[in-house]
Amino acid sequence: MKTWIAFWNILKKDIQNYYLKPPNISWGIIFPLSWTLMQLIRSSGGMNLSDIRALLPGLMAMSVLFGTTSMLAVTITFERKGRSFDRLLLAPISLSTMVAAKLSGAILFGLFNAFVPVIFASFFIDLAVISWGVVLLAVFLIAVTSTLLGLLIAVSAKEVFEAQTFSNFFRFPMLFLCGLFLPVSSLPVFLRPISYLLPLTYGTDLLGGAILGVGTLPPVLCVLILLVFAIVLFTFCQYNIRRKWIL
Amino acid sequence: MSTTGIVSVTNLSKCYGNFTAVNGISFSIRRGEIFGFLGPNGAGKTTTINMMIGLARPSGGSVEIDGIDAVKNVKKAQSIMGIVPDESNLYDEMDGFDNLCFCGSLYGMRKAEREQRAKALLSQFDLAKAGKRPFKAYSKGMRRKLTIAAGIIHRPEILFLDEPTTGIDVESARQIRHLLLELKQRGTTIFITTHYIEDAERICDRIAFIAGGNIVANGTVSELMQSVSHGYAIRLTANQNLEPLAGDLQQHFDGCTVKVDTNHEVTLLCEERIPLSPVLQYLDGKGISVFEAKEIRPTLEDVFVNITGIEAEKLKKEKEKGGVAK
């Protein structure tokens, strides 16, 4: 019970202090909408609302990726700099509980980001044919792995600007290598192994399968690989926190 | 105050590469006492406190808190600790009340309990009116008081305070000393690090001096004073230049040494307490009126300077750097 009280209050504090702030809410809404409009204008030389479905997997994946990675990295680096993070490290709760609470805020923010383009799309196309269970699972797993990547950055960064720089350093290459804009099969051969080392590749594939029916890998395999990524990243982050933050 | 130990630190050390920040120190803290940990900047105070509270991993040695191995079982030990770091580490965006409630929740306190306790603490720390103000709008003294309140919201058995009066105004520093004494009366054990020697002298039951990562002295204030006490010293202030009389005075009062402080001031250093009237009569006979005769007792600062060899001037500069408290 005591652990749950601490977990819930860390999560609540993060949501109130960071994620529910106007700049972040507006980012969460404007970013996916801008990408949707940009892609619609780009595709077929003019606005074609029926293309929205084809854009959804990419938009959702990107929204989650951008929403989660930088937010968690920035909030943790910010708290570390102000030393309020020490308060969490000194609380009588396990490191995994504290990390899970911090991750949960960013994951929820990622989920919110992911469904902004869905809500937008629902006004124009019929979304009933989509496998929503798989979509939810895919978005959740993308949010978890992206958030953990954000945590990995937070452990390495000392300043907020470093966290932002590191986030962009891996986020943008990831976007082009995960099959979002170009199918992995059309990438140069030497880049393909890198694609398969990125969790977003499996998340995008899972979303593509659920929304468009064009997944290249079996959904179960994608889910399993994403789970493995999540476990490995969580363990590695905890190890890094113990090594770098408890000196 | 009980004589049973609540904290036992044995051969504790911390190395960063080739640099030894803390060099195998040992000490114990009795239940219900205020234990001062004094030393100049860089002496190893914060490293020691960080190892005790679980923010740093010792390179060697052990820390036992209320029978719990605080190195191996750090989370269990943290549940009975209250921690007040040298810099206020609460959340700027949250108000005072919410900050306290959040800190209570980290120790598993239920909503009603932590809200009630937060209200009581805001009152006790004279912050009730500021309870709904964001933490970032607090003055330094208020920030420090709220940080202490956050450290005790869960009623810890032992409270660790790192430099609690550094950088705050005189009134706030006085209030904090008063609050610490109140906590002690209620049975809380307090471990305090400071480089304000006067603070330690006023409130600590026992003190350990640390310099260069080593504990160079450890004892009660009076025990430490005795180590530098060289008998009886009395300073005389007169209406005339006393310098020409220094030799005569020394001859007349056998066993005393006369030290000329200024033209009008001399200090008599004697092995034992001497009556004042013969001195005054002697000077009166020489046509000199004594305006003031004051016994000079060694201060804890004298003990510190004597033991560590750190010059008083350097210590003063550190205090000035540290803040304005006093």
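Reader: Which residue stands opposite Gly5(B) in strand 2 of chain B?

Author: Strands of a sheet pair through backbone hydrogen bonds, either parallel or antiparallel. In this predicted model, Gly5(B) faces Arg30(B) of strand 2 of chain B. Strand 1 of chain B, residues 5-16, runs antiparallel to strand 2 of chain B, and 8 bridges join them.

Reader: What is the order of the strands in the open sheet of chain B?

Author: The order is 2-1-4-5, with antiparallel pairing among the 4 strands. Strand 2 (19-30) and strand 5 (68-69) of chain B each have a single partner strand, so one side of each lacks a neighbour in the sheet.

Reader: How much area do chain B and chain A bury between them?

Author: The size of an interface is often given as the accessible area lost when the parts come together. Here chain B and chain A bury about 2600 Å², with 57% of it on carbon and sulfur atoms. Leu55(B), Tyr91(B) and Leu106(B) supply 27% of the area that chain B buries against chain A, more than any other three residues. The contact involves 30 residues from chain B and 27 residues from chain A.

Reader: How many salt bridges does the rule find across the interface of chain B and chain A?

Author: The rule finds 2. One salt bridge joins the side chains of Glu87(B) and Arg83(A), at 3.6 Å from N to O.

Reader: Which helix gives the largest share of the side of chain B that touches chain A?

Author: Helix 3 of chain B does, with 4 residues. The residues on that side of chain B comprise 14 nonpolar, 8 polar and 8 charged.

Note on methods
Residues numbered from 1 in each chain as written. Chains lettered and ligands numbered in written order. Predicted model: local features only at pLDDT ≥ 70, side-chain atom pairs only at ≥ 80, totals over all residues. Heavy atoms only, no water. Contact = heavy atoms within 4.5 Å. Buried area = accessible area lost by both parts, 1.4 Å probe. Salt bridge = Lys/Arg side-chain N within 4 Å of Asp/Glu carboxyl O. Helix = DSSP H or I, 4+ residues; strand = E, 2+ residues; numbered from the N terminus. Nonpolar A, V, L, I, M, F, W, Y, C, P; charged D, E, K, R; others polar. Pairing = 2+ DSSP bridges.
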